Amino acid sequence: KFYKTQFLDNLSGFNILWGQLLSVTTFTLTFFLNQSYSLWRVCYGYSRRLQGRLNDLNMTLAAHATRIEPKIRENGDDNVNGSANGLGANGDSSSSPAAAA
């Protein structure tokens with residue numbers, strides 16, 4: 001016959017082991033979590049610095065870019081679709097100014 005007291009007596013050894021391993025487990029988790037966070041902060045700092053340098057480069061390029069005015073055609077069309085034949089992006093004339101007339 002299995003008694004509750006005998007079961008609790010068997011678990012007392014586990015309770016001692018748990019108490020001894022609890023501090024080791026807590027230290028290990030805290031140490032490695034701190035190391036992971038430190039590495040993440042370093043990588044985050046590098047990525048933000050790189051983002052800033054790329055932004056500086058883009059701003060420099062945008063400031064020194066040559067602006068080209070669109071050429072006005074003889075019929076007054078400034079070629080807003082970017083196509084030379086007056087066709088729309090799909091190849092049809094639905095978005096061309098001539099189709100609207």
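View 1. The model is predicted, so local features need pLDDT of at least 70 and side-chain atom pairs count only at pLDDT 80 or more, while totals for chains, interfaces and linings use all residues. Residues are numbered from 1 along each chain as its sequence is written, and side-chain values use heavy atoms, with hydrogens and water left out. The protein chain holds 2 helices and 0 strands; helices (H or I, at least four residues) and strands (E, at least two) are DSSP runs numbered from the N terminus.

**View 2. Helix α1 bends at Leu21.** The bend is about 30°, taken as the angle between axes fitted to the seven residues ending at a residue and the seven starting there. Leu21 also belongs to a nonpolar surface patch of about 870 Å². Among the other members of this patch are Phe7, Leu11, Phe14 and Trp18. Patches are made of residues with over 30% relative accessible area and no salt bridge; like charges are joined within 9 Å, and nonpolar side chains (Val, Leu, Ile, Met, Phe, Trp, Tyr) within 5 Å. A salt bridge is a side-chain nitrogen of Lys or Arg within 4 Å of a carboxyl oxygen of Asp or Glu. Accessible areas come from the Shrake-Rupley method with a 1.4 Å probe, and for residues only the protein chains shown count as cover.

**View 3. Leu11 lies in helix α1.** Leu11 counts as partly exposed because its relative accessibility is 37%. Buried means under 20% relative accessible area, exposed over 50%, and partly exposed in between (1.4 Å probe, protein chains only).

**View 4. Phe27 and Phe31 stand 4 residues apart in helix α1.** This separation is about one turn of the helix. Phe27 is exposed, at 58%, whereas Phe31 is partly exposed, at 38% relative accessibility.

**View 5. Tyr37 and Trp40 form a stacked aromatic pair.** Their ring centres are 6.0 Å apart, with 25° between the planes. Rings of Phe, Tyr and Trp (its six-membered ring) pair if their centres lie within 6.5 Å; planes under 30 degrees apart count as stacked, over 60 as edge-to-face and the rest as tilted. Because Tyr37 and Trp40 are 3 residues apart in α1, about one helical turn separates them.
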